[in-house]
Amino acid sequence: MTISLHSDEEHFADYPVIIHNISPRFSPHAYLTMAYIGFGGAYNEDGMDIEATGPKVTVREATQDHVDFVLQSTSLSLANSLRRAMLAEVPTVCIDQVQILSNTSVLPDEFIAHRLGLIPLDSRGCEPDMLFQRECDCGGDCERCAVILELACKCEREGTMMVFARDLIIVDARPNEYVGQPVIRDPKGNGPLIAKLRRGQELRVRCTAIKGIAKEHAKWAPTAAVGFEYDPNNKLRHVDYWYEENAKDEWPVDPRNANWESEDTAADAAFDPDATPGAFFFDVEGVGTLDPDQIVQEGIKVLQNKLALVIQGLGGGSDNDNNNTNTNATNGAVGAGGATPFGAGGVQDQAYGGAGDHTSYGGYPAGGATAYGGGGATSYGTPYGAPGQNGYGY
Amino acid sequence: MTNKPEPFEQFLLAEGEKKVEMTLDTRMPNTCIFKFNKEDHTLGNLLRARLLQDRRVTFAAYKVPHPLFPTFELRVQTDGSLSPKEALLQACRDSVSDLNTLSREFTKEYELRKMVNEGRENGI
Ligand SMILES: [Zn+2]
């Protein structure tokens with residue numbers, strides 16, 4: 001299925017990645033017809049594909065801990081990589097070391113340490129405010145890389161005393177005003193139950209919470225679940241459903257996703273072997289440690305950082321970067337694209353290490369001049385580097 | 001006591017280890033094999049798909065040689081109008097720019113949705 005993207009393409013031909021008209025996105029119906037339109041297929045004479053519009057997003061639902069959105073005009077690979085990045089590589093803050101000062105409860109030390117590790121802690125702004133401990137040169141627990149929480153409970157009376165997450169008290173300074181606070185959502189303000197104490201039993205611990213990713217331990221996962229679906233009517237035949245009598249009757253379909261797709265993906269439409277998936281349905285549910293939009297944005301950043309490391313590893317920009325007109329065009333696009341999310345939006349100013357800031361990605365000089373910019377005559381604004389510096393500084 | 005690998009070995013480069021190692025595939029013209037260390041399908045599949053969108057790339061595929069080792073190999077062949085390395089760099093840059101667009105679009109859409117929600121709460 002070869003596609004010229006859609007009418008917008010003509011309109012925006014001169015501005016590869018500049019801002020789009022907002023109005024069509026007020027209504028999801030505007031996209032119904034293009035739900036199935038794949039990406040790619042459109043190339044200019046240099047062989048690069050045009051993709052003048054880039055990925056499209058429609059947010060269908062947003063609540064405190066959950067965001068439901070549809071991704072369009074992008075590849076299955078990119079959508080799936082975003083899903084994987086959000087699941088496993090977005091940094092959050094969790095208790096990682098527990099010093100048991102006294103434990104006369106019925107639970108063994110390890111049991112309690114494990115429970116403490118699983119308590120969700122507010123992680124807003126841990127990226128970029130907080131450093132990974134292994135990248136901090138303090139050699140211990142400093143206020144840039146660790147949050148210390150203490151718990152001291154003793155049951156003095158007859159009956160059972162409940163020890164809750166709210167009893168964890170932050171001591172010492174911390175990277176910002178959010179990081180490390182237990183997430184408490186129940187009406188009574190207790191938070192998760194840690195242990196129960198009988199008369200005379202006591203629990204005193206000192207915990208160190210640090211930044212980490214779920215690839216190291218699942219407790220750092222920012223998400224409780226990430227729903228991901230494409231081609232709900234199985235038009236592409238990527239799935240071969242098992243069935244008793246009739247697959248259609250026996251397998252559930254999410255009508256919201258199924259109806260999103262246009263006519264040619266309806267379950268009874270003819271099979272098109274060249275079709276590519278065009279709409280990806282995400283349902284991101286957070287644990288409460290990060291706002292759902294932050295999970296998505298940080299997932300995007302994780303991917304960008306990976307790519308930046310590859311560019312740096314290959315020495316991109318240092319050799320013949322700017323000899324190539326395509327490269328220039330794309331660099332321009334990166335600059336234009338980057339300016340909004342990382343700059344004015346104020347959401348993630350220092351994603352790639354603003355001036356003088358420590359980056360959490362190891363030894364690159366913040367806003368370093370080497371990585372991208374080589375002989376580039378133009379400066380691409382501030383997205384990745386300090387203002388006024390020539391180049392990207394991944 | 002055991003030979004269980006440390007979990008951080010899945011994503012932290014060892015001392016002196018490089019992120020990407022490039023080897024020329026001498027059996028074919030314009031072909032390179034890139035070995036990525038401490039990376040997985042998240043990056044491998046992303047780059048593979050992106051490279052295939054470039055018409056000058058005649059072959060792009062990746063494999064994870066062994067599930068216990070956090071590496072993947074990406075093999076790239078071009079038609080000769082650019083080197084596999086240039087193609088890969090281009091793919092990376094294009095993906096970064098795509099993700100920029102995605103981030104911006106998401107911010108916009110999310111704010112919009114939140115405004116709608118607030119409007120509803122206030123009975124507008
Ligand atoms: Zn430190």
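Let's start with one residue, Glu105 of chain B. Glu105(B) is buried, because its relative accessible area is 1%, and the cut-off for buried is under 20%. Keep in mind that this is a predicted model.

Who is the partner of Glu105(B)? The side chain of Lys108(B) meets that of Glu105(B) in a salt bridge, 3.2 Å from N to O. Both residues sit in helix H2 of chain B. They are three residues apart, about one turn of the helix. Here is the general point. An α-helix has 3.6 residues a turn, so residues three or four places apart point the same way.

Now the sheet in chain B. Four strands make an open sheet, in the order S1-S2-S4-S3. The pairing is antiparallel. Which strands stand at the edges? Strand S1, residues 20-24, and strand S3, residues 57-63, of chain B do. Each has a single partner strand, so one side of each is left without a neighbour in the sheet. From one strand to the next, the twist averages 20°.

S1(B) pairs with strand S2 of chain B, residues 31-37, over five bridges. Take Glu21(B): its bridge partner in S2(B) is Lys35(B).

Helix H1 of chain B, residues 41-52, touches S2, S3 and strand S4 (71-78) of that chain. The direction of H1(B) makes about 170° with that of S3(B). Helix H2 of chain B covers residues 84-121. H2(B) touches S1, S2, S3 and S4 of chain B, and its direction makes about 50° with that of S2(B).

Next, salt bridges. Side chains of opposite charge can pair when their charged atoms come close. How many salt bridges are there over all chains? The count comes to 26.

One of them links Arg185(A) and Asp65(A), with the closest N and O atoms 2.5 Å apart. Where do these two sit? Arg185(A) is in the loop between strand S6 (169-171) and strand S7 (193-197) of chain A. Asp65(A) is in the loop between strand S1 (56-63) and strand S2 (66-72) of chain A. So the pair ties together parts that are 120 residues apart in sequence. Arg185(A) counts as partly exposed, at 41% relative accessibility.

Another salt bridge crosses between chains. Asp40(B) and Lys215(A) meet at 3.1 Å, N to O. Asp40(B) lies in the loop between S2 and H1 of chain B, and Lys215(A) in the loop between strand S8 (202-212) and strand S9 (223-230) of chain A, so the pair joins two chains. Buried or exposed? Both Asp40(B) and Lys215(A) are buried. They also belong to a network of salt bridges, whose members include Arg84(A), Glu89(A) and Lys306(A), along with Lys19(B) and Glu39(B).

On to helix H2 of chain A, residues 76-88. This helix has 13 residues and reaches 18 Å from its first C-alpha to its last, close to the 18 Å expected. Its buried residues include Ser77(A), Leu78(A), Leu82(A) and Met86(A). What covers the buried residues of H2(A)? From chain A, the cover includes S2, S9, strand S10 (279-286) and helix H7 (292-313).

Last stop: Trp260(A), in helix H6 of chain A, residues 255-260. Trp260(A) is buried, at 6% relative accessible area.

Key: Residues numbered from 1 in each chain as written. Chains lettered and ligands numbered in written order. Predicted model: local features only at pLDDT ≥ 70, side-chain atom pairs only at ≥ 80, totals over all residues. Heavy atoms only, no water. Pairing = 2+ DSSP bridges. Axes fitted to C-alpha atoms, helices over the stretch in contact; angles between N-to-C directions. Contact = heavy atoms within 4.5 Å. Buried < 20%, exposed > 50% of the residue type's maximum accessible area, 1.4 Å probe, protein only. Salt bridge = Lys/Arg side-chain N within 4 Å of Asp/Glu carboxyl O. Expected span 1.5 Å × (residues − 1).
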